[in-house]
Amino acid sequence: MKSRIEALLQEIATLEIPTPDALEQFRIQYLGKKGILAALFVDFKEVPGPEKKETGLLLNQLKQAAEQKIESLREVLEAQQAQQVEIPDLSRPAGGHEAGSRHPVSLVMNQMIGIFQRLGFNLSDGPEIVDDWHNFGALNFDEDHPARDMQDTFFLSNPEGWLLRTHTSSVQVQEMMKGQLPLRAIMPGRVYRNETISARAHCQFHQIEGLYIAEDASFADLKQTLYSFVREMFGPDSKVRFRPSYFPFTEISAEMDVSCFICGGEGCAVCKQTGWVEILGCGMVDPQVLINCGIDPEKYQGYAFGIGVERMAMLKYGIRDLRLFFENDARFLKQFHLGLGL
Ligand code: DAH
């Protein structure tokens with residue numbers, strides 16, 4: 001037994017313990033309930049009398065050696081481990097970033113812009129604060145024209161009478177007054193109306209205006225352009241129909257409906273059982289508007305159209321409440337990507 005204890009003392013003296021985990025292993029191995037020392041103390045009972053004293057001293061020495069080893073290494077090893085900075089594997093592939101999602105209005109707007117660009121339309125931009133001339137005057141809304149009441153306007157309190165544009169038709173005026181003809185452009189943007197906010201109306205929304213001015217622009221071109229747009233937007237089986245309408249800046253004027261792509265024209269809640277949904281206003285630019293913008297109506301004619309983007313998004317994604325677009329609730333906004341649903 002003595003020689004065994006001496007061998008163990010030797011082992012403890014030379015043993016390398018690199019980590020706190022290994023130290024704990026060592027503790028269990030020597031001092032644990034079923035450890036080496038416990039077993040030796042059991043064997044000690046069998047040691048014959050004359051050898052008891054010496055063996056007992058050795059055994060205590062062993063126990064102290066184990067305890068000291070633990071005591072001396074514990075703090076050192078723990079301090080070492082805390083200092084060890086993990087160096088990441090710099091060659092590993094980059095982790096993916098959580099991608100945000102595009103707003104449904106942007107998605108639909110970009111899709112619409114893409115379709116019109118493929119049809120040969122340029123992109124034009126204009127300011128949201130405009131004068132009366134760009135929003136109304138040039139577009140044939142006389143001072144006391146009742147059509148001004150159709151669009152409740154936010155006026156700015158400056159003497160020049162600036163206002164928040166009520167429609168993107170103001171950009172038509174800006175583009176026509178540049179005098180670079182022929183002109184084929186779409187004009188997307190935000191517009192403002194002093195409306196009571198409800199599920200169907202808001203004080204801000206988006207439109208895409210379209211304008212084509214050329215020597216040979218015709219209503220047939222307008223119909224074909226819009227028909228191509230609708231087939232790309234809502235599918236090749238979509239049908240369109242035009243209804244006579246009135247806008248001060250177009251003559252003739254029409255509103256266009258598309259066959260309900262939810263029920264295929266059978267009649268449902270979205271199309272209010274009619275099989276058709278109204279999506280835009282359009283017409284041939286009134287010759288007086290051309291004159292107002294310095295274009296000779298004897299030489300040039302034009303067509304124009306205006307589409308509400310939120311309305312398109314509501315139809316495309318089956319959204320029933322316009323207010324959702326402006327509340328920025330992430331749970332709502334995360335749900336959209338093109339190709340979803342319809
Ligand atoms: N500006 C009209 C509105 O906001 C929409 C519109 C109708 C635009 C007919 C046009 C058009 O260019 O030709 O209600």
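Residues are numbered from 1 along each chain as its sequence is written. In this predicted model, local features need pLDDT of at least 70 and side-chain atom pairs count only at pLDDT 80 or more, while totals for chains, interfaces and linings use all residues; side-chain values use heavy atoms, with hydrogens and water left out.

An open sheet is built from seven strands. Their order is β1-β4-β5-β9-β8-β7-β6, and the pairing is mixed. Strands (E, at least two residues) and helices (H or I, at least four) are DSSP runs, numbered from the N terminus. Two strands pair if DSSP finds at least two bridges between them. β1 (122-123) and β6 (240-244) stand at the edges. Each has a single partner strand, so one side of each lacks a neighbour in the sheet.

Strands β4 (residues 183-192) and β5 (residues 204-214) run antiparallel and are joined by ten bridges. V191 stands opposite F205 in β5. Helix α7 (residues 169-177) packs on the sheet and touches β4, β5 and β9 (301-308). Contact means heavy atoms within 4.5 Å. The direction of α7 makes about 35° with that of β5. Axes are lines fitted to C-alpha atoms, for helices over the stretch in contact, and angles run from 0 to 180 degrees between N-to-C directions.

The whole structure holds 13 aromatic pairs. Rings of Phe, Tyr and Trp (its six-membered ring) pair if their centres lie within 6.5 Å; planes under 30 degrees apart count as stacked, over 60 as edge-to-face and the rest as tilted. F116 and F305 form a stacked pair, with 5.1 Å centre to centre and 25° between the planes. F116 lies in helix α5 (residues 104-118) and F305 in strand β9, so the pair ties together parts 189 residues apart in sequence. Both F116 and F305 are buried. Buried means under 20% relative accessible area, exposed over 50%, and partly exposed in between (1.4 Å probe, protein chains only). Ring pairs link F116, F121, F229 and F305 into a cluster.

Strand β7 (residues 250-259) contains D257. D257 is buried, at a relative accessible area of 3%. Its side chain makes a polar contact with the side chain of R243 (2.8 Å). A polar contact is a pair of N or O atoms within 3.5 Å; within protein, one must be able to donate a hydrogen and the other to accept it, and residues adjacent in sequence count only if both atoms are side-chain atoms.
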